[in-house]
Amino acid sequence: MIIKIVILFLVGMGVMAMFGKLRFPGQQKLASAKCPKCGRFRIGKGPCQCQKKVRK
């Protein structure tokens, strides 16, 4: 009984590893949403906070 559980666990981990290597749609769009300078995610269409001028 324990051997069945271990085998099912290993098969499940193998299936998860195969799905993890697939390229999901939307990864390119998500990668382009990052700032090329600092690497933070940009929200909206404006410039990143690192590129804005700081007011004093």
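Me: Ground rules first: buried means under 20% relative accessible area, exposed over 50%, and partly exposed in between, with a 1.4 Å probe and protein chains only. Which class does Cys 50 fall in?

Reply: Cys 50 counts as partly exposed, because its relative accessibility is 34%. This is a predicted model: local features need pLDDT of at least 70, side-chain atom pairs count only at pLDDT 80 or more, and totals for chains, interfaces and linings use all residues. Residues are numbered from 1 along each chain as its sequence is written, and side-chain values use heavy atoms, with hydrogens and water left out.

Me: And Cys 35, buried or exposed?

Reply: Buried, because its relative accessible area is 3%.

Me: New topic. What's the secondary structure?

Reply: Two helices, zero strands. Both are DSSP runs numbered from the N terminus: helices are H or I, at least four residues, and strands are E, at least two.

Me: What nonpolar patch is on the surface?

Reply: Ile 3, Ile 7, Val 11, Val 15, Met 18, Phe 19 and Leu 22, with about 690 Å² of accessible area together. Areas come from Shrake-Rupley with a 1.4 Å probe; for residues, only the protein chains shown count as cover. Nonpolar side chains (Val, Leu, Ile, Met, Phe, Trp, Tyr) are joined within 5 Å, like charges within 9 Å.

Me: Where does Ile 7 lie?

Reply: In helix H1, residues 2-21. Ile 7 is partly exposed, at 47%.

Definitions and conventions:
Patches are made of residues with over 30% relative accessible area and no salt bridge: like charges are joined within 9 Å, nonpolar side chains (Val, Leu, Ile, Met, Phe, Trp, Tyr) within 5 Å. A salt bridge is a side-chain nitrogen of Lys or Arg within 4 Å of a carboxyl oxygen of Asp or Glu.
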